[in-house]
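Please open the structure in your viewer and keep the selection panel at hand.

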Amino acid sequence: MNAPLKTLQANASGFFDKVQNKHVDKMVCKAGCSKCCYVDLSVFTVEANLIRDWFQSLTSDRQNELRTLWRTELKDGENANGKKEKSCAFLKDEMCTIYEARPLICRTQGAPLFFQELNSLDVCPLNFSQSEIPPREDWLNVDRLNTLLAMLQGESQERVRLFDLMTDLLS
Ligand code: SF4
């Protein structure tokens, strides 16, 4: 168990919820919108281990249900920018099958993402038009979040592809 990582993830989810509640008239993020999930993600081992711990905490029946879902083929789809991609290994029926344990990056998608070092703002075109950019207090500072995550990861920068993690969890 990694309490600081869980706190960081909860804080990111809390920030997202706050932004979504404020811009509920514009943001289309909801269960079933999976445009952010047509992506081949990898995560630091600390986050992969949290997903493993969560999976191990499930009943064996639930684990087997998930394994059955995960054995189905990845779907082809379009992300929010219209680019064709394969789905994340954990996306099934347009829903995240590891939602409770989803990594930090997944908790931020849909909010305005500010990359401080590049002085660049990324917004989902389904949520915000370029002429209606939300105020700065609603921008999520991705560099700061990644710095905190890297501190929790420690010296090793090892990452795990979510597809490989899913494959491991099948056995
Ligand atoms: S882990 Fe879940 S939320 Fe993240 S990309 Fe995969 S399906 Fe989507």
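The model is a predicted one, in which local features need pLDDT of at least 70 and side-chain atom pairs count only at pLDDT 80 or more, while totals for chains, interfaces and linings use all residues. Residues are numbered from 1 along each chain as its sequence is written.

Asn-119 sits in the loop between β6 and β7, where strands (E, at least two residues) and helices (H or I, at least four) are DSSP runs numbered from the N terminus. The phi of Asn-119 is near 50°, a positive value in a residue other than glycine. Most residues other than glycine have a negative phi. Now move to Asp-93, in the loop between β4 (91-92) and β5 (95-96), whose phi is also near 50° and positive, although the residue is not glycine. Asp-93 counts as exposed because it has 10 C-beta neighbours inside 10 Å.

**Second stop: the open sheet**

Select β6, β7 and β8, three strands that form an open sheet in the order β7-β6-β8 with mixed pairing; two strands pair if DSSP finds at least two bridges between them. Because β7 (120-122) and β8 (140-141) stand at the edges with a single partner strand each, one side of each is left without a neighbour in the sheet. Strand β6 (residues 113-115) and β7 run antiparallel and are joined by three bridges, and the bridge partner of Phe-115 in β7 is Ser-120.

Within β6, pick Leu-113, which is partly exposed because 18 other C-beta atoms lie within 10 Å. Leaving aside neighbours within four places in sequence, Leu-113 is in contact with Thr-108, Asp-122, Leu-140 and Val-142, contact meaning that the two C-beta atoms, placed from the backbone, lie within 7 Å.

What surrounds the ligand? Select Cys-37, Val-39, Leu-41, Cys-88, Phe-90, Leu-91, Cys-96, Ile-98, Arg-102, Cys-106 and Leu-162, where a residue is near a molecule if its C-beta atom, placed from the backbone, lies within 6 Å of it. By class, this shell has 10 nonpolar, no polar and one charged residues; Ala, Val, Leu, Ile, Met, Phe, Trp, Tyr, Cys and Pro count as nonpolar, Asp, Glu, Lys and Arg as charged, and the others, Gly among them, as polar.

Finish with α6, whose buried residues are Leu-162, Leu-165 and Met-166. They lie on the same side of α6 because they cover an arc of only 100° around the axis, the arc being that of the directions from the helix axis to the C-beta atoms.

Notes
Buried ≥ 20, exposed ≤ 12 C-beta atoms within 10 Å, placed from the backbone.
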